[in-house]
Amino acid sequence: PEINALFQEQGFFRSFVPIAGAIDARKEIQAEEGIEVFLCTAPIARSCYCQQEKVEWVREHLDGSDGSASAKRQRTTDQGRTWVQRLVITSDKSLVRGDLLIDDAPVAKAENLEPSWEHVWLTQPYNVSLSGKRRIDRWQEWRKVVLENRPAPSVPPAEQQQQHHPSALRNRVPILKQLLS
């Protein structure tokens, strides 16, 4: 009952301190070419403050809360979106598409779809004894998981690229059928 009461207190979710190295790791991961980072979190349904306080936390810790020029530059990411705009709050993380879900939950909340992502544990006291998944023990170790087994770029080197209009690729089967007839 006391834990449930904590979840429902105003200010509880805003009071969280960033995990050591997490903010720097997020900046480093986002700076990697070809990687797009989103924040995905599950709401606590019993709390009428949870969702809004999570948004406020992201605004304060990731988008910057002061009006300085450097804070304004930090508020936007590579595509001009703030981190609040990259925040996904869902009770079912299978609805979010991606390659990796770095999460502390022993079992990721994924019920409706087959997840497109691999669940990677962020080590916490309550999941440290679990085995069977890759994990990040400290945010400074993100490279070993995020960059390992990274898919090869889908665009071939310039010397291997064919010069044609995109519609030719889309229409290659109908064109081939016409040529064969």
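**Close-up views of a predicted model**

View 1. A polar atom of the histidine 119 side chain lies 3.2 Å from the backbone oxygen of alanine 105. Apart from neighbours within four places in sequence, the residues in contact with histidine 119 are Leu101, Asp103, Ala105, Pro106, Val107, Ala108, Lys133 and Arg134.

View 2. An open sheet is formed by three strands in the order 3-4-5, with parallel pairing. Strand 3 (100-103) and strand 5 (135-136) are the edge strands, each pairing on one side only. Strand 4 covers residues 118-122 and is joined to strand 5 in the parallel sense over two bridges. Within strand 5, arginine 135 is the bridge partner of tryptophan 121.

View 3. Helix 3 runs through residues 50-61, 12 residues in total, and spans 16 Å from its first C-alpha to its last. That reach is close to the 16 Å expected at 1.5 Å a residue. The buried residues of helix 3 are Cys50, Glu53, Lys54, Val55, Trp57 and Val58. These buried residues pack against two strands, namely strand 1 (39-41) and strand 2 (87-89).

**View 4. The largest nonpolar core.** In soluble globular proteins, nonpolar side chains tend to be buried together. In this model the largest nonpolar core holds 20 residues, and those with the most contacts inside it are Ile29, Val58, Ile136, Trp139 and Trp142. Helix 2 (22-31), helix 3, strand 4 and helix 5 (142-146) are the elements that each contribute two or more residues to this core. Leaving aside neighbours within four places in sequence, tryptophan 142 is in contact with Ala25, Glu28, Ile29, Glu32, Ile136 and Leu147.

View 5. A disulfide is a covalent bond between the sulfur atoms of two cysteines. The structure contains zero disulfides. Cysteine 40 has a relative accessible area of 22% and is therefore partly exposed. Cysteine 48, by contrast, has a relative accessible area of 67% and counts as exposed.

Notes
Residues are numbered from 1 along each chain as its sequence is written. This is a predicted model: local features need pLDDT of at least 70, side-chain atom pairs count only at pLDDT 80 or more; totals for chains, interfaces and linings use all residues. Side-chain values use heavy atoms; hydrogens and water are left out. Two strands pair if DSSP finds at least two bridges between them. Helices (H or I, at least four residues) and strands (E, at least two) are DSSP runs, numbered from the N terminus. A polar contact is a pair of N or O atoms within 3.5 Å; within protein, one must be able to donate a hydrogen and the other to accept it, and residues adjacent in sequence count only if both atoms are side-chain atoms. Contact means heavy atoms within 4.5 Å. A disulfide is a pair of cysteine sulfur atoms within 2.5 Å. Buried means under 20% relative accessible area, exposed over 50%, partly exposed in between (1.4 Å probe, protein chains only). The expected span of a helix is 1.5 Å times one less than its number of residues. A nonpolar core is a set of buried Ala, Val, Leu, Ile, Met, Phe, Trp, Tyr and Cys residues joined through side-chain atoms within 4.5 Å.
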